[in-house]
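These are my notebook entries on one protein chain. I record what I looked up, in the order in which I looked it up.

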Amino acid sequence: MRMPLGWVEALNVAARPADLTLYVAVDPRTAARRRQGRGGTAELFDAVEVQRAVARAYARVVRKHARTQRVVRVDGRASPDEVAREILSRVRTVLPRRRRK
């Protein structure tokens, strides 16, 4: 399943820009290891060739939009807890502070 990037971007042209875009970068080997760990049946995008193509496509999109949008790369090779902590830390930088009563 291939969708031209231009088509995807055209769908989003009227959308409000994100306050923050998180790009969790996971190399195909790490992704494969984690999928094996979860068990279950193989899914549509699980093939290594597909994972490589998806990773390249996301990397291109991130490079393109990193100049004009707030894009943060999170190292998805870290443990799930470390990834979650990094994401929470980054999200907190854009959330408005609420006053405590």
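Predicted model: local features only at pLDDT ≥ 70, side-chain atom pairs only at ≥ 80, totals over all residues.

**Entry 1: the chain as a whole**

I looked up the secondary structure and found 4 helices and 2 strands. Read from the N terminus on, the elements follow the order α-β-α-α-β-α. I then turned to the overall dimensions. Along the principal axes, the C-alpha atoms fill a box of roughly 50 × 35 × 20 Å. The radius of gyration of the chain is 16 Å, whereas a compact globule of 101 residues would have one near 13 Å. Of the 101 residues, 14% are buried.

**Entry 2: the two strands**

How do strand 1 and strand 2 pair? Strand 1, residues 21–25, runs parallel to strand 2, and I recorded 5 bridges between them. Within this pairing, alanine 25 stands opposite aspartate 75 of strand 2. I next looked at the faces of strand 2, which spans residues 71–75. Val72 and Val74 form the covered face, while Val71, Arg73 and Asp75 form the uncovered one.

**Entry 3: the aromatic pair**

A search of the whole structure gave 1 aromatic pair. Why is the pair of tyrosine 23 and tyrosine 58 called stacked? The ring centres are 6.4 Å apart and the planes meet at 20°; planes under 30 degrees apart count as stacked, so this pair does. The two partners come from distant parts of the chain, with tyrosine 23 in strand 1 and tyrosine 58 in helix 3, 35 residues apart. I also checked the accessibility of tyrosine 23. Its relative accessible area is 15%, and buried means under 20%, so tyrosine 23 is buried.

**Entry 4: the largest pocket**

I then asked where empty space is left. Rolling a probe the size of a water molecule over the atoms shows this. The largest pocket holds about 1,500 Å³ of space. It is lined by 40 residues, and those closest to its centre are Leu5, Val8, Ala57, Tyr58 and Val61. Helix 1 (5–12), strand 1, helix 2 (28–38) and helix 3 (48–66) each give two or more residues to the lining. Which element gives the most? I found that helix 3 does, with 13 residues. Sorted by class, the lining has 28 nonpolar, 5 polar and 7 charged residues.

Valine 54 is in helix 3. Its relative accessible area is 30%, and valine 54 is therefore partly exposed. Valine 54 and proline 28 lie 26 residues apart in sequence, and their C-alpha atoms are 9.2 Å apart in space.

Glutamate 9 belongs to helix 1. With 25% relative accessibility, glutamate 9 also counts as partly exposed. From the C-alpha atom of glutamate 9 to that of valine 48 I noted 26 Å, for a separation of 39 residues along the chain.

Alanine 15 sits in the loop between helix 1 and strand 1. Is alanine 15 buried or partly exposed? At a relative accessible area of 43%, alanine 15 is partly exposed. Alanine 15 and arginine 34 are 19 residues apart in sequence, with 33 Å between their C-alpha atoms.

Technical notes. Residues numbered from 1 in each chain as written. Heavy atoms only, no water. Buried < 20%, exposed > 50% of the residue type's maximum accessible area, 1.4 Å probe, protein only. Pairing = 2+ DSSP bridges. 1 Å grid on protein atoms, 1.4 Å probe; cavity = no way out; pocket = protein on both sides within 12 Å on 5 of 7 lines; lining within 4 Å. Points joined across faces, edges and corners; volume = space filled by probe spheres on them. Nonpolar A, V, L, I, M, F, W, Y, C, P; charged D, E, K, R; others polar. Phe/Tyr/Trp six-rings, centres within 6.5 Å; stacked < 30°, edge-to-face > 60°. Rg over C-alpha atoms; globule rule 2.2 N^0.38 Å.
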